[in-house]
Every structure is written in C-alpha cells, then in structure tokens.
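Please look at the sequence and the model together while reading this report. It begins with a metal site and then widens to the sheet, the cores and the whole chain.

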Amino acid sequence: MFRLVCVNCGADYNQNEIIYHCPKCGHLLTVEYDMDTIDISRAEWDKRPLRLWRYKELLPVAGEPVSLQEGGTPLYHLKTIGKELGLKELYAKHEGMNPSGSFKDRGMTVGVSMAIQLGMKTVACASTGNTSASLAVYAAKAGIPAVVLLPAGKVALGKVAQALMHGAKVIAIRGNFDKALEMVHDLCINEGLYLLNSVNPYRLEGQKTIGFEAVDQLGGVPDRFVLPVGNAGNISAVYKGLLELQNLGFIDSLPMMTGIQAEGASPVVDAIHNKREVLVPEANPETVATAIRIGAPVNAEKALRAIRETNGTAIAVTDEEILAMQRSLARKEGIGVEPASAASVAGIKKLAEEGLIDKDERIVCVVTGHLLKDPEAVIKQCEPPTEIDANLESLLSVLR
Ligand SMILES: *Cc1c(COP(=O)(O)O)cnc(C)c1O
Ligand SMILES: [Zn+2]
C-alpha cells in the first residue's frame, strides 16, 4: 500500500493519479509506503537472486513487471586507486553493467511497468542520452511507442545509437537539456503521454535499489555513498531507499550522501557551500561529462535534504580531473565507464587529497554508465592504433 505525497506541503494523492507535481503547491511528489503493511524479512530477500526485483515488496508495481533482469551489478573493490589515495575500503558499483549500460534501467523497469499498469499508451522523456536509450529499450520490451527529446549535437554517440536502434521516435531540439525537459513536460500534460523523466516518482523507486544492493553486497551500511549529480534524482533515490531500510529496522545507520558535479554545471555544490535553501540555476551548463550537463536539477530539493540530513557534502571536479579518473579506472582497475561516471571517484580523490574525509571510511562510489556510451570521448584521449605492413618484421619493429 502506498500513496503519492508532496515533498513540500505533505498533501497526499491516490496512486492512480497521473500527476508529476503537487496540484496544490507545485513541488515534486514521492512514493510513501505504509510500512506496517510491508511484509518482508532480510532473510527472505537473501534467498532471491541479487537483482532489482529481489526488492519487490518496496516497489510500487503489482503483477508482472516489464523487466530485462536489471540490477545485480558488480561492486568492485578499487585496490589500486584506493591504495594511491590511502583509502583501504574504496568500492565502485558498476551501473554500466545494466541491460542498456546505465542505472537508468532501474528507473525504467519500474517506470514503464507503471505506465502499463496505469493504462498509458505512449511514453516520453527528455534526455542527455542514457534516459532515452533506456526508455527506448523498455518501451520495446513492453511493445509500446516511445518519444524522446534530445539537445541537438550534445548527446554521446552510443546513446543516440541505442535510442534509434530500439525504435524510439528521436527528436533533436535546438536548445539544451533543461529546455527539452520543459517541452516534453508540456507535451505529456497536454497530449496524455506518460512522462518518464526523474520528476516521475516511480522511476526513482527503481533507482533506490542501488543502495539496497550495495548494503547487501557489503554486508552492511557504507560510511559514505558517492554519486555524480545531474538532475539529482539518483542521489535522492538512494537516500530515500536507505531511509526505508532504516524504518524497517534492517539497518541502523545512514551513509553520508555525497554529490559530485562538474565545474560548469554545479548548482547543487553552490547551494551546499553557500547554505542556500533554493538553488540558483546555471543558465549555460558546460562539461565533457554530458550526462551531468544540467543547469537546473529538478530534484534539487530532495537532494539537498539527502546531503544535509546525512552530514554529507558536495564538491565540483574539473573536466580534466574527470577524464584523468576515467583513464585511471580503465587502466588501473579494468573498469570502463563514461566521463560522468568517473566524476564520483574523481570527487573522492579530491576530498581525500584535501583532507576532507576520514581515510578509514568505507566508501561506495556509484559509477553510472558504461565506457562504450561515449566512444568519441574515449578516442580523443587515446593514441590511434599503430598501423603497419602485414609482416612479422614490421610487427617486431613497432614492439621493440
Ligand atoms: C543520468 C546520469 C547521471 C545523473 O543522474 P541524476 O539522477 O540526473 O543526478 C549520471 N551519470 C550518468 C551516466 C547518467 O546517465
Ligand atoms: Zn504540495
């Protein structure tokens, strides 16, 4: 049993209403379960395979979900990078190992399942890339049409390729992501399409399972949970989920929620450091990490709460720091991620080097998307292959 509840005024709404904002005050909604009716034990969860739907009692979908076996992503101990930074317990949860190559699949398996449950015929989103790829994949699985709006010329090649191949109607607008979101929101309200951006409270329900899995994989709560922040949905979702585990008595502490943004797109960092209640949008966000190239994060209100209530922090990293960490993860740990994903680990490096965290902390960094999402950002950083004549002599001469 659950209701939709406004994060600002607390008004509540029936789960079958198609609303994305509180009709009374305009703020975002969140899913609130009646915890007394949740009948599950940790032992029962532990018997099921480590995947998102292991946690179905804390998800809103009734019946069979639209699923491609998302979740259950690896949690890697970063031994080499950790050693360099003096951090013994540094982990990366590789969300690039989801079906479409990013954590957005967790949101979409739940979001598209809810679309079907609510009787919606067409799904839509605006996207910096991964949301559109994931929506296209899950709409294909469900057999319903998807419409996606992208900022023209600003989306990584792999992501556009996925949205197109999986059959979404892909529209590139001459404007940035924030503008695309405003447009698709109007489209959905006026034409009755189902909006699956992170203003949709059900999507965040799926994404909160990153936190559940990390706790199960570590056998306890980490001291710190680090995420790259764009629209700030994911950090809000992980916090919400862990609060629920605490309410159920499954865990007895919460990690310090830590958000990393790119310099040039860091309004959440600004709000934390300058103790602002309401964040000041960045009109022209710019960064190589296109997945977090967002100036007006829609979930800022939830995210600021997550960071402040857990005594966490937020910090910005430069494009150079992001790309250097992308290379380190690839070459020292064998972990291939897209630039935005490397931001979480780049942020921890900076916090450790500046002495802002305790080196004994157990830290989970979420690395959010796969290396192949943005092949152009990769190729630009690497030497091209060495081309030679097809004989052994030439081969030996280049290897010498
Ligand atoms: C969507 C996305 C993010 C940002 O997540 P938010 O929930 O918008 O903060 C970060 N990295 C990747 C790879 C993404 O696709
Ligand atoms: Zn309200």
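## The zinc site

The zinc ion (ligand 2) is coordinated by the SG atoms of Cys6, Cys9, Cys22 and Cys25 at 2.3 to 2.4 Å, where donors are N, O and S atoms within 2.8 Å of the metal (3.2 Å for Na, K and Ca), and water is not among the atoms, so sites may look incomplete. The angles subtended by the four donor atoms around the zinc ion (ligand 2) are 96 to 121°, which makes the arrangement tetrahedral; four donors count as such if all angles lie between 85 and 135 degrees. Along the chain, the donors of this ion follow the spacing C-x2-C-x12-C-x2-C.

Cys9 lies in the loop between strand E1 (2-6) and strand E2 (12-13), and Cys22 in the loop between E2 and strand E3 (29-33), so that the pair, 13 residues apart, links distant parts of the chain. Cys9 is partly exposed, with a relative accessible area of 39%, whereas Cys22 is buried at 3% relative accessibility (buried means under 20% relative accessible area, exposed over 50%, partly exposed in between, with a 1.4 Å probe and protein chains only).

This is a predicted model, in which local features need pLDDT of at least 70 and side-chain atom pairs count only at pLDDT 80 or more, while totals for chains, interfaces and linings use all residues. Residues are numbered from 1 along each chain as its sequence is written, chains are lettered from A and ligands numbered from 1 in the order in which they are written, and side-chain values use heavy atoms, leaving out hydrogens and water.

## The three-stranded sheet

An open sheet of three strands has the order E2-E1-E3 with antiparallel pairing (strands are DSSP runs of E, at least two residues, numbered from the N terminus; two strands pair if DSSP finds at least two bridges between them). E2 and E3 stand at the edges with a single partner strand each, so one side of each is left without a neighbour in the sheet. Five bridges join E1 to E3, and the zinc donor Cys6 has Leu29 in E3 as its bridge partner.

## Nonpolar cores

Of the 93 residues in the largest nonpolar core, Val123, Leu135, Tyr194, Tyr202 and Phe225 touch the most other members (a core is a set of buried Ala, Val, Leu, Ile, Met, Phe, Trp, Tyr and Cys residues joined through side-chain atoms within 4.5 Å). A second, separate core of 31 residues includes Ala291, Val317, Ile335 and Val367.

## The whole chain

Of the 400 residues of the protein chain, 58% count as buried, and its C-alpha atoms fill a box of roughly 75 × 45 × 45 Å along the principal axes.

Technical notes. Tetrahedral: all angles 85-135°; square planar, octahedral: opposite > 155°, others 65-115°. Helix = DSSP H or I, 4+ residues; strand = E, 2+ residues; numbered from the N terminus.
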